[in-house]
Amino acid sequence: MTREVKAGQIYKHFKGSKAIVITLARHSETGETLVIYACVDNFNTNHQDGIYARPLSMFLSEVDHEKYPDVTQKYRFELEK
């Protein structure tokens with residue numbers, strides 16, 4: 001199953017905040033795809049509500065379960081259903 005990120009989708013971060021994807025962008029020097037998103041419903045996390053950019057590969061990565069053993073969510077960001 002391919003996980004495709006699109007503008008307008010809402011994701012849940014594994015620490016509880018919500019991320020609304022604004023757009024995808026390309027880094028001007030490296031060509032790396034970045035996810036541009038707004039962080040909202042920010043409670044009990046170290047993120048401030050605001051606009052963030054994160055590499056697509058990191059956005060879609062799995063949670064480090066060795067570092068966060070109590071987290072049940074598989075991926076760092078999971079699409080809201």
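Modeller: A residue counts as buried under 20% relative accessible area, as exposed over 50%, and as partly exposed in between, with a 1.4 Å probe and protein chains only. Of the 81 residues of the chain, 30% are buried in this sense. This is a predicted model, in which local features need pLDDT of at least 70 and side-chain atom pairs count only at pLDDT 80 or more, while totals for chains, interfaces and linings use all residues. Residues are numbered from 1 along each chain as its sequence is written, and side-chain values use heavy atoms, with hydrogens and water left out.

The chain has 1 helix and 5 strands, where helices (H or I, at least four residues) and strands (E, at least two) are DSSP runs numbered from the N terminus. In sequence order the pattern is β-β-β-β-α-β. The radius of gyration, taken over C-alpha atoms, is compared with a globule rule of 2.2 Å times the number of residues to the power 0.38. For 81 residues a compact globule would have a value near 12 Å, and the 13 Å of the chain agrees with this. The C-alpha trace spans about 35 × 25 × 25 Å along its principal axes.

The 5 strands form an open sheet in the order S4-S3-S2-S1-S5, with antiparallel pairing; two strands pair if DSSP finds at least two bridges between them. S4 (50-55) and S5 (77-79) stand at the edges with a single partner strand each, so one side of each has no neighbour in the sheet. Neighbouring strands are turned by 40° against each other on average, direction ignored; the axes are lines fitted to C-alpha atoms, for helices over the stretch in contact, and angles run from 0 to 180 degrees between N-to-C directions.

The part in question is S1, residues 10-13, together with the segment before S1, where glutamine 9 is found. S1 is joined to S2 by 3 bridges in the antiparallel sense, and S1 pairs with S5 over 3 bridges, also antiparallel. Tyrosine 11 has a partner in each: alanine 19 is the bridge partner in S2, and leucine 79 stands opposite in S5.

In a regular strand the side chains alternate between the two faces of the sheet.

The side chains of glutamine 9 and tyrosine 11 are joined by a polar contact of 3.0 Å. Such a contact is a pair of N or O atoms within 3.5 Å; within protein, one must be able to donate a hydrogen and the other to accept it, and residues adjacent in sequence count only if both atoms are side-chain atoms. Contact in the wider sense means heavy atoms within 4.5 Å. Apart from neighbours within four places in sequence, glutamine 9 is in contact with Glu4, Ala19, Ile20, Val21 and Leu79.
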